[in-house]
Amino acid sequence: MTLSNLSLYTVTALLILDTEGQRVLAKYYNPPHQSTPSTGIVNDLGVGQGGPGMGGLISLKEQKAFEKSVFEKIRRGGGEIHPLPPHLIITRTIVDLHFIIVGPLSSSNELMLNQTLSAFTDSVHLLLRGQIEKRNVLEGLDLVLLAADETVDDGVILETDAAAIAARVSRPKADTTDIVINEQTLMNAYTSFRDKVSQRIQQL
């Protein structure tokens with residue numbers, strides 16, 4: 001077993017492109033506390049070329065060129081799994097969008113990447129109530145971004161259960177309404193308490 005098989009940093013990017021190859025969402029991952037590409041923990045663990053934090057996809061220009069190459073692979077067909085050295089890309093097309101997960105070609109676990117992409121797309125399906133198309137994704141982009149963050153963080157797969165991801169994203173926030181305590185509320189509470197005590201005494 002090589003060191004690369006032991007690395008948790010398995011996802012290089014999570015993308016959504018439209019039918020013209022234009023970016024709808026793009027998350028490129030780098031491990032925390034990394035000052036320069038190919039250094040730190042990813043180097044120590046031997047993540048390998050094409051992995052998160054290994055360089056080549058740092059600048060916007062590099063990312064755009066990569067997304068163009070990914071779209072060309074998708075456009076040519078040939079299934080959902082595409083080698084694009086030094087990367088491996090797995091795609092899922094839904095209506096007018098391409099959902100894409102990217103990992104290092106040399107060390108990726110295809111089944112795990114595929115399961116992660118399925119979890120992300122299925123969670124988006126749940127959050128958008130089955131209406132997965134570009135217009136709805138853009139309108140609910142905040143939910144989609146949160147779903148991505150609940151699925152992958154810093155290149156590490158966090159969750160592969162779509163229902164759990166959607167539940168975390170859509171969980172209602174705690175009620176932050178201020179409770180005003182003043183003389184009137186105290187009097188009301190006292191009156192209610194007094195009435196209940198009187199009723200209990202009468203029942204004895």
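**The inside of the protein**

Me: Which residues of the largest nonpolar core touch the most other members?
Reply: They are Ile16, Phe99, Phe120 and Val144, in a core of 28 residues. Keep in mind that this is a predicted model.

Me: Which helices and strands each supply at least two residues of this core?
Reply: Four strands do: β1 (13–18), β2 (23–28), β4 (87–94) and β5 (97–104). The helices are α3 (110–127), α5 (141–151) and α6 (162–170).

Me: And which of them gives the most?
Reply: Helix α3, with six residues.

Me: What does Phe120 touch, leaving out residues up to four places away in sequence?
Reply: Phe120 touches Leu14, Ile16, Phe99, Val144, Ala147, Ala148 and Thr151.

Me: What is in the second core?
Reply: That core is separate and has 13 residues, including Leu57, Phe71, Ile74 and Val102.

Me: Back to rings. How many aromatic pairs are there?
Reply: The count is one. Phe99 and Phe120 form the pair, with 5.9 Å from centre to centre and 65° between the planes.

Me: Why is that pair edge-to-face?
Reply: Because the planes are 65° apart, and an angle over 60 degrees counts as edge-to-face.

Me: Are they buried or exposed?
Reply: Phe99 is buried, because its relative accessible area is 0%. Phe120 is at 1%, so Phe120 counts as buried too.

Me: What is Thr116 in contact with, beyond its neighbours within four places in sequence?
Reply: Ile101, Thr151, Val152, Ile157 and Thr160 are in contact with Thr116.

Me: New topic: charges. How many salt bridges are there?
Reply: The count comes to nine. One of them joins the side chains of Lys134 and Asp18, at 2.8 Å from N to O.

Me: Where are those two in the chain?
Reply: Lys134 is in helix α4 (residues 134–139) and Asp18 is in strand β1. They are 116 residues apart, and the pair links distant parts of the chain.

Me: Which residue forms a salt bridge with Glu67?
Reply: Arg23 does, and the closest N and O atoms are 2.7 Å apart. Glu67 is in helix α2 (residues 60–76) and Arg23 is in strand β2, 44 residues apart.

Me: What about Asp149?
Reply: The side chain of Asp149 meets that of Lys27 in a salt bridge, at 2.8 Å from N to O. Asp149 lies in helix α5 and Lys27 in strand β2, so the pair ties together parts that are 122 residues apart in sequence. Asp149 counts as partly exposed, at 33% relative accessibility.

Me: Which residues are linked in a network of salt bridges?
Reply: Glu133, Arg135 and Glu139 are linked that way.

Me: Zooming out, how many helices and strands does the protein have?
Reply: There are seven helices and seven strands. Along the sequence the pattern reads β-β-α-α-β-β-β-α-α-α-β-β-α-α.

Me: How much of the protein is buried?
Reply: Of its 204 residues, 37% count as buried. The accessible surface is about 12,000 Å², and 54% of that belongs to carbon and sulfur atoms.

Me: Last topic: confidence. What is the mean pLDDT?
Reply: The mean is 80, and 72% of the residues reach 70 or more.

Me: Where is the pLDDT under 50?
Reply: Residues 1–5 are one such stretch, and the model has seven contacts for them beyond four places in sequence.

Notes: Residues are numbered from 1 along each chain as its sequence is written. Side-chain values use heavy atoms; hydrogens and water are left out. A nonpolar core is a set of buried Ala, Val, Leu, Ile, Met, Phe, Trp, Tyr and Cys residues joined through side-chain atoms within 4.5 Å. Buried means under 20% relative accessible area, exposed over 50%, partly exposed in between (1.4 Å probe, protein chains only). Contact means heavy atoms within 4.5 Å. Rings of Phe, Tyr and Trp (its six-membered ring) pair if their centres lie within 6.5 Å; planes under 30 degrees apart count as stacked, over 60 as edge-to-face and the rest as tilted. A salt bridge is a side-chain nitrogen of Lys or Arg within 4 Å of a carboxyl oxygen of Asp or Glu. pLDDT is the predictor's confidence in each residue, from 0 to 100. Accessible areas come from the Shrake-Rupley method with a 1.4 Å probe; for residues, only the protein chains shown count as cover.
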